[in-house]
Amino acid sequence: MANLFESLEQQIPVWRGQLKDLAKNHGDKVISEVTLAQAMGGARGVKSMVCDTSEVPPDQGLLIRGTPLAELTDVSAEDIFYLLCTGELPDDAARENLRAELARRAVVPDYVWQVLEALPKNSHPMCMLDTAVLAMQGESKFVEAYNAGVSKDEFWKSMLDDCLTLQARMSTLAAAIYRMRFDKGPRIDPNPDYDYSHNFAHMLGIAEDNPEAADMIRLYLVLHCDHEGGNVSAHTCSLVGSALSDAFYSVSAGLNGLSGPLHGLANQECLNWVLQVRDKFGGLPSEEQLREFAWETLNSGRVIPGYGHAVLRVTDPRFTAFKDFGMKHFGDDEIVQLVGRIFDVVPDVLKEHGKAKNPWPNVDAASGSLLHHYGMTEFPYYTVMFSVSRVMGMCSQLVWNRAMMAPIERPKSVTIKWLQEFVK
Ligand code: AMX
């Protein structure tokens, strides 16, 4: 089987042909209409972008290149990145090729550590991660190719080069930020013999004698990897990339979006909420106590973190996969049990509340409980874990966009006056 680069080189002309054919023969077909409410409501449900890496049917949840996530819970991080980029799972040789390529690029240059050390000690871990990504921008091969006048249809190659470097360094950066920010001791160097997720767990300092913890990190990386093109981080990354900004600029922008409490930061908010419940009731509350606590949260005008979704209308399969992992390996853990009890109670409360269109849990409702179990109790760090995985989605979308020569994005905005005149 071909390695990642060769596979893309074979498939890109086919994908380009398919897009060209659609645009030429069906370009005037209407695929979506926009109501005034949608224009004012975050463009929810408006079909106005193309993204091939993954899709989220509201009644099924995440499909990676057409495969339901529930069928992919045993694969490696390398497998999922390869699948996102090419639409195929790699064979052993292609997987090893990608593993070695990422391992070769995993060392982070010293100037990045100096930038991180200069930040205030209480910086949010996402601010540290994002700053580190941006700091590396001067190494972009894409900028070099652009400045050298490389033709537009070859841009994807230098974009892939940058994305491999960025993805390889993400786990090194993220692990070092964990150790630096939370006083866990000196940085641990990457081990070139390990695969991506084992290496990440090793650098975090949680895996050496605990293969189960390393397996949890693998699952974490697989489950968070992508969620189609319209979510805040993916869309921001792809929007910035559409101006031909390089991967360091684009991914850093996407990570800023992931840092919002309604998006990636929800996992930190979520575990915080779970711990508040535990602390208030001194352990596992009764269903009735939990119901009251949920209502208190809602009545104070706050959301229940980890519940609801802009697209999904069923329980997130990523939540189910995390919950199953927790139940299988440490079902008696207090936090895991609490997450289960919240799942028994909160959907009915949200239905009764009557606002959220989706009362079911999303990925963030369970992910923190696993990290907590393995001693990673610093929940402001959790979005960094999410990021290491989600950059696989952002990068595969950037490569795909450059391969498809996607144009600069520019939707049209309208004024209140325009809307008033329009409805007259
Ligand atoms: N608790 C309380 N109210 C909620 C709610 C929840 N979990 N989810 C939605 N609602 C409310 C919204 O705030 C909104 O209220 P408003 O009309 O007063 O503004 C109303 O229900 C309708 O919202 P919606 O159409 O169902 O959701 P949305 O598409 O506007 O927002 C989301 C989606 C995820 C931001 C929202 O469900 C939410 O805030 N959930 C909690 C935070 C969270 O878990 N975020 C993580 C999402 C996954 C991710 O990106 N990591």
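Guide: Happy to. In this predicted model, the largest nonpolar core has 121 residues, and Phe200, Leu204, Val251, Leu255 and Tyr381 have the most contacts inside it. The element that gives the most to this core is helix H8, residues 155–181, with 15 residues. Setting aside neighbours within four places in sequence, valine 251 is in contact with Val133, Leu166, Cys237, Val391, Met394, Cys395 and Leu398.

A polar residue is worth a stop too. Glutamine 268 lies in helix H13, which spans residues 266–281. Glutamine 268 has a relative accessible area of 13%, under the 20% cut-off, so this residue counts as buried. Its side chain makes a polar contact of 3.0 Å with the side chain of histidine 124. Again leaving aside neighbours within four places in sequence, glutamine 268 is in contact with His124, Phe379, Pro380 and Tyr382.

Now to the ligand. There are 20 residues around it, and His263, Tyr307, Lys355, Lys357 and Asp364 come nearest. The shell divides into eleven nonpolar, five polar and four charged residues. Looking at individual atom pairs, an oxygen atom of the ligand is 2.7 Å from a side-chain N or O atom of histidine 263, and a ligand oxygen is 3.0 Å from a side-chain N or O atom of arginine 44. A nitrogen atom of the ligand, in turn, is 2.7 Å from a side-chain N or O atom of aspartate 364. On its own the ligand has 890 Å² of accessible area, and the protein covers 77% of that.

Notes. Residues are numbered from 1 along each chain as its sequence is written. This is a predicted model: local features need pLDDT of at least 70, side-chain atom pairs count only at pLDDT 80 or more; totals for chains, interfaces and linings use all residues. Side-chain values use heavy atoms; hydrogens and water are left out. A residue is near a molecule or strand if one of its heavy atoms lies within 4 Å of it. A polar contact is a pair of N or O atoms within 3.5 Å; within protein, one must be able to donate a hydrogen and the other to accept it, and residues adjacent in sequence count only if both atoms are side-chain atoms. Accessible areas come from the Shrake-Rupley method with a 1.4 Å probe; for residues, only the protein chains shown count as cover. Ala, Val, Leu, Ile, Met, Phe, Trp, Tyr, Cys and Pro count as nonpolar, Asp, Glu, Lys and Arg as charged, and the others, Gly among them, as polar. A nonpolar core is a set of buried Ala, Val, Leu, Ile, Met, Phe, Trp, Tyr and Cys residues joined through side-chain atoms within 4.5 Å. Buried means under 20% relative accessible area, exposed over 50%, partly exposed in between (1.4 Å probe, protein chains only). Helices (H or I, at least four residues) and strands (E, at least two) are DSSP runs, numbered from the N terminus. Contact means heavy atoms within 4.5 Å.
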